[in-house]
Amino acid sequence: MNKALNMLGLCARAGKLAYGADAAADAVRKGRASVVVMDAGAGPNTRKLLTNACASHGARLFEAADVGRSTGKDSRMAVAVLDAGMAARVAELFDQEN
């Protein structure tokens, strides 16, 4: 998961992330994001919000530890990747590691 989290850090530096569960779900609903990464410590309401948004709009949802730390926003429990190419690479790295 280290490479995938490193890629999330690159996305953050490029300004291609929506931070927080509400912003991530909103980006998925508007079709701006196809990949969402949720922190393993996320609460049940956050999990339900993101799971429902991703399931109904065809986005991929991944789970990892320390998502906020890898993106430079320690308190955030979820991020959505807004760039299609970067989202594909993040998904590929998560798939390789699992």
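This is a predicted model: local features need pLDDT of at least 70, side-chain atom pairs count only at pLDDT 80 or more; totals for chains, interfaces and linings use all residues.

Guide: Residues are numbered from 1 along each chain as its sequence is written, and side-chain values use heavy atoms, leaving out hydrogens and water.

Visitor: What is the mean pLDDT of the chain?

Guide: pLDDT is the predictor's confidence in each residue, from 0 to 100. Here the chain has a mean of 94, and 99% of its residues reach 70 or more. Confidence is lowest in H4, at a mean of 91, and highest in E4, at 97.

Visitor: Which residues of H1 are buried?

Guide: Helices (H or I, at least four residues) and strands (E, at least two) are DSSP runs, numbered from the N terminus. Buried means under 20% relative accessible area, with a 1.4 Å probe and protein chains only. In H1 the buried residues are Ala4, Leu5, Met7, Leu8, Gly9, Cys11 and Ala12. They pack against several elements, including strand E1 (17–19), H4 and helix H5 (84–97). Just after H1, Gly15 has a positive phi of about 75 degrees.

Visitor: Is Thr71 buried or exposed?

Guide: Thr71 belongs to helix H4 (residues 67–71) and is buried, its relative accessible area being 8%. Contact means heavy atoms within 4.5 Å. Leaving aside residues up to four places away in sequence, Thr71 touches Leu8, Ala12, Leu17, Tyr19 and Val79.

Terms used: Buried means under 20% relative accessible area, exposed over 50%, partly exposed in between (1.4 Å probe, protein chains only).
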